[in-house]
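Reader: I am new to this structure and would like a guided look at it. Could you take my questions one at a time?

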There are 2 protein chains.
Amino acid sequence: MNKSAPKTAPKAFIFDVFGTLVDWRNSVTREVAATFPNHTIDPCAFADFWRARYQPAMERIRSGGRDYVALDDLHRENLEDTLDHFSLGDALNDGQRAALNSAWEKLDPWSDVVEGLSRLKEHAIIAPCSNGSIALMTRLAKYGALPWDCILGADLAKDYKPQPAVYHACCKALRLLPSEVMMVACHNNDLEAARAAGLLTGFIARVTEHGLGQTIDLEPESDWDRVVDTIGDLAC
Amino acid sequence: MNKSAPKTAPKAFIFDVFGTLVDWRNSVTREVAATFPNHTIDPCAFADFWRARYQPAMERIRSGGRDYVALDDLHRENLEDTLDHFSLGDALNDGQRAALNSAWEKLDPWSDVVEGLSRLKEHAIIAPCSNGSIALMTRLAKYGALPWDCILGADLAKDYKPQPAVYHACCKALRLLPSEVMMVACHNNDLEAARAAGLLTGFIARVTEHGLGQTIDLEPESDWDRVVDTIGDLAC
């Protein structure tokens with residue numbers, strides 16, 4: 001594994017967000033539990049079911065079966081399905097559904113993230129390259145005090161990672177070459193796609209993103225350009 | 001003049017940047033002077049000539065006579081013309097021209113801006129709605145410590161203000177209605193267009209943007225929703 005820094009420091013670092021920077025699972029679970037204080041559902045199972053519909057919903061768009069729709073709307077559609085699955089189809093009115101959908105704007109950063117991004121920002125441009133929309137990433141940044149220089153990601157390309165257009169749109173928006181930009185993620189497949197698109201790659205393990213029984217992405221699965229233990233290590 | 005706050009506080013404030021937040025004229029003059037220490041040109045006249053080509057260059061795109069090109073590229077083309085005009089066509093190599101073009105990324109904020117934006121950010125989303133590109137606005141924000149929540153503007157619409165598509169693209173990116181967003185500018189025509197697009201409007205006078213002899217935009221020319229003396233006043 002090559003853990004040393006690339007010869008030329010990246011001019012920008014762009015980040016996967018869900019999982020890599022924020023603990024979506026425990027955060028969404030908390031919001032679900034607060035929304036249904038008197039129900040006997042397992043809020044963590046609700047969060048997992050909701051999230052499990054994330055990739056299939058994007059896949060329809062990536063494959064050309066549907067025009068681009070922002071992730072906020074996909075989350076809302078998936079919420080409807082999830083409510084039905086848990087026999088809660090009548091439990092919330094429209095405003096309450098919108099409020100619960102905004103759980104995705106209230107995700108707690110892992111403990112190393114805010115300090116690490118703040119350090120890194122002194123050396124380079126930092127931005128999310130998430131499948132979340134500009135609106136979602138902006139509100140999430142306000143919630144978690146993520147000190148982004150700008151918000152990049154799926155909205156710019158009108159497509160979803162791991163489509164190369166998303167990585168390329170981020171580089172183009174910054175007027176940088178892919179080789180000047182490092183994609184940072186805890187998901188090996190995100191980095192595979194970023195590397196194929198010409199970007200530098202940085203891996204950080206988040207071994208409890210999916211809970212204590214997590215079986216995937218426990219370690220780097222290729223010779224990524226950087227492998228770090230904390231976000232702040234990228235500044236070294 | 002209605003100087004009172006609108007009944008409902010805006011959920012986002014989006015800002016014109018050149019002139020409204022940063023002193024482009026003195027800043028570009030400084031960079032020009034540093035680039036030509038041994039020449040007898042008037043660096044301020046150079047800056048004014050360069051900037052005078054800004055609106056005509058965008059107008060070709062607004063009118064459909066040319067596809068969207070980022071402002072960085074228009075600035076560069078206008079720089080070539082300006083160098084020729086001042087008989088400096090042979091004075092700089094390509095790298096030096098690129099360096100001088102980045103003068104637009106090194107513009108000093110007016111004295112009230114950083115503190116004012118920081119206060120406002122506690123209450124609402126703040127973002128530039130400039131004709132500058134995401135790349136240009138990102139680097140300008142790093143230079144001047146402008147604490148944006150995200151970078152909006154011309155790049156999202158692939159068109160230039162005062163085209164309504166630019167204001168609408170900013171609102172849409174935030175998933176807000178135009179009536180929930182206030183456009184803030186020191187240029188009355190920018191606010192006219194924003195109001196026509198359905199946005200709230202905020203005016204701040206910058207009476208030396210064009211130097212001591214400035215004759216335009218010395219005061220509000222309509223009943224804008226807010227008229228403020230400092231950016232921080234928008235938070236009141």
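Predicted model: local features only at pLDDT ≥ 70, side-chain atom pairs only at ≥ 80, totals over all residues.

Reader: Which residues touch the most other members of the largest nonpolar core?
Author: That core has 82 residues. Helix α9 (residues 164-173) of chain A gives the most to it, with six residues. The members that touch the most others, however, are B:Phe15, B:Phe18, B:Phe46 and B:Trp148.

Reader: How many residues are in the other core that lies apart from it?
Author: Residues from both chains can be named here, including A:Phe15, A:Ile126, A:Ile204 and B:Phe203. The count for this other core is 81 residues.

Reader: How much area do chain A and chain B bury between them?
Author: The contact involves 22 residues of chain A and 22 residues of chain B. On the side of chain A, A:Arg139, A:Lys142 and A:Arg175 lose the most area to chain B, together 32% of what that side buries. Of the area buried between the two chains, 55% is on carbon and sulfur atoms, and the total is about 1,700 Å².

Reader: Which element supplies the largest share of the side of chain A that touches chain B?
Author: The rule finds 12 residue pairs in polar contact across this interface. Two helices of chain A, α4 (71-85) and α7 (134-144), each supply at least two residues of the side that touches chain B. That side divides into 13 nonpolar, two polar and seven charged residues. Its largest share, five residues, comes from α7(A).

Reader: How many salt bridges does the rule find across the interface?
Author: One salt bridge joins the side chains of B:Arg175 and A:Asp72, at 3.8 Å from N to O. Over all chains the count comes to 36. Across the interface of chain A and chain B, the rule finds six.

Reader: Is A:Ile125 buried or exposed?
Author: A:Ile125 sits in strand β4 (residues 125-130) of chain A. Beyond its neighbours within four places in sequence, its contacts include A:Phe13 and A:Leu174, and also B:Thr138 and B:Arg139 from the other chain. Its relative accessibility is 6%, so A:Ile125 counts as buried.

Reader: And B:Thr82, is that residue buried or exposed?
Author: B:Thr82 belongs to helix α4 (residues 71-85) of chain B. Leaving aside neighbours within four places in sequence, B:Thr82 is in contact with B:Phe46, B:Phe49, B:Trp50 and B:Arg53. Because its relative accessibility is 0%, B:Thr82 counts as buried.

Reader: How far apart are A:Arg62 and A:Glu59 along their helix, in turns?
Author: These two form a salt bridge, with the closest N and O atoms 2.9 Å apart. A:Arg62 counts as buried at 13% relative accessibility, while A:Glu59 is partly exposed at 40%. Because they are three residues apart in helix α3 (residues 54-62) of chain A, their separation is about one helical turn.

Reader: Which residue of helix α5 of chain B pairs with B:Glu80?
Author: B:Glu80 meets B:Arg76 in a salt bridge at 2.8 Å, N to O, and these two lie four residues apart in helix α4 of chain B. B:Glu80 has a second salt bridge, with closest N and O atoms 2.2 Å apart, to B:Arg97. That partner lies in helix α5 (residues 94-101), so the pair ties together parts that are 17 residues apart in sequence. The residue you asked for is B:Arg97.

Methods. Residues numbered from 1 in each chain as written. Chains lettered and ligands numbered in written order. Heavy atoms only, no water. Contact = heavy atoms within 4.5 Å. Buried area = accessible area lost by both parts, 1.4 Å probe. Salt bridge = Lys/Arg side-chain N within 4 Å of Asp/Glu carboxyl O. Polar contact = N/O pair within 3.5 Å; in protein donor to acceptor, adjacent residues only side chain to side chain. Nonpolar A, V, L, I, M, F, W, Y, C, P; charged D, E, K, R; others polar. Core = buried A, V, L, I, M, F, W, Y, C linked by side-chain atoms within 4.5 Å. Buried < 20%, exposed > 50% of the residue type's maximum accessible area, 1.4 Å probe, protein only.
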